[in-house]
Amino acid sequence: MNYMIHLNKRIIVSGFMPEATVIFTLCESCGEETPHRVLRGKMGATPESGFEGTVQCVTCKTIHSAHIPMEKPVSIHSVISNGELSERKNIEFGPLEEVRVGEEFFWEDHNLQITSIEIGGKRVNISKAREISGLWLKIFDTVSVKVSIVRGPNTKSEKVEAAPDEEFAVGDMLEFGKDKVVIDKIKTTRRMVYREGSTIEAREITRVYAKLIKERTY
Ligand SMILES: [Zn+2]
């Protein structure tokens with residue numbers, strides 16, 4: 001089991017506290033937070049009870065006992081969008097965890113990407129979790145786009161892995177090994193797209209139809 005202690009720095013401790021683990025905590029002799037070597041100690045019975053043990057200040061060598069409580073996770077109001085649909089959820093983070101726009105993480109069966117962070121009405125790119133008043137995310141699972149390649153009288157099936165918002169257009173080139181193909185038409189859940197240049201997001205595509213381009217040798 002992995003426990004995390006949230007201090008100035010996040011230290012990840014797996015299962016037990018090995019000797020020589022260094023934690024940051026207040027040293028009364030130094031009067032500030034300093035690195036401490038763990039002489040003995042253990043994680044409490046529950047993850048919330050944190051760390052208890054004997055530590056030695058690296059700076060002044062004073063030995064004292066330390067009890068470092070775990071900080072409770074914070075629950076952040078979040079809006080998760082999936083294409084045109086969106087859903088409100090609460091997502092838990094460690095209070096001091098750094099949250100950034102663009103970051104991806106796996107949560108409840110989906111890969112999510114953070115698109116926006118709000119702190120008291122202001123949009124920011126990065127924040128500690130405990131300061132965040134609202135979070136916007138999108139479902140960012142890769143999708144498998146089916147491609148039918150017409151080669152004379154035969155049709156071959158291939159697949160392309162793409163981000164859900166990756167755009168495909170008639171006229172785009174794709175490569176499968178040595179084969180270069182050009183997209184001829186795109187079938188979506190609602191229609192067939194023939195027009196060159198109109199882009200379709202991968203999540204909407206049912207199948208891409210492509211033609212093999214004859215390789216020229218010069
Ligand atoms: Zn000290």
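1. Phe-105 stands opposite Leu-112 in E11. The two strands concerned, E10 (residues 104-107) and E11 (residues 110-119), pair in the antiparallel sense over four bridges. Here strands are DSSP runs of E, at least two residues long and numbered from the N terminus, and two strands pair if DSSP finds at least two bridges between them.

2. The model is a predicted one, in which local features need pLDDT of at least 70 and side-chain atom pairs count only at pLDDT 80 or more, while totals for chains, interfaces and linings use all residues. Residues are numbered from 1 along each chain as its sequence is written.

3. E10 and E11 form a hairpin with two residues between them. Glu-108, in the loop between these strands, has a positive phi of about 45 degrees although it is not a glycine. Most residues other than glycine have a negative phi. Glu-108 is exposed, with 8 other C-beta atoms within 10 Å; a residue counts as exposed at 12 or fewer such atoms, buried at 20 or more, and partly exposed in between, with C-beta atoms placed from the backbone.

4. Lys-61, in the loop between E5 and E6, also has a positive phi, near 70 degrees. Lys-61 is exposed, with 10 other C-beta atoms within 10 Å.

5. The protein chain has zero helices (DSSP runs of H or I, at least four residues) and 22 strands. Of its 218 residues, 16% count as buried.

6. An open sheet of four strands has the order E3-E4-E5-E6, with antiparallel pairing. Its edge strands, E3 (22-27) and E6 (63-68), each pair on one side only. Within the sheet, seven bridges join E4 (residues 32-43) to E5 (residues 51-57), and Met-43 stands opposite Phe-51 in E5.

7. Which elements give two or more residues to the largest nonpolar core? This core has 12 residues in all, among them Val-145, Phe-168, Ile-183 and Val-208, and the elements in question are strands E15 (143-151), E19 (179-188) and E22 (205-212). A nonpolar core is a set of buried Ala, Val, Leu, Ile, Met, Phe, Trp, Tyr and Cys residues joined through C-beta atoms within 7 Å. A second, separate core of nine residues includes Leu-112, Ile-114, Ile-132 and Leu-135.

8. Leaving aside residues up to four places away in sequence, Val-145 touches Lys-159, Val-160, Ala-162, Phe-168, Ala-202, Ile-205 and Val-208. Contact requires C-beta atoms, placed from the backbone, to lie within 7 Å.

How values were computed. Two residues are in contact if their C-beta atoms, placed from the backbone, lie within 7 Å.
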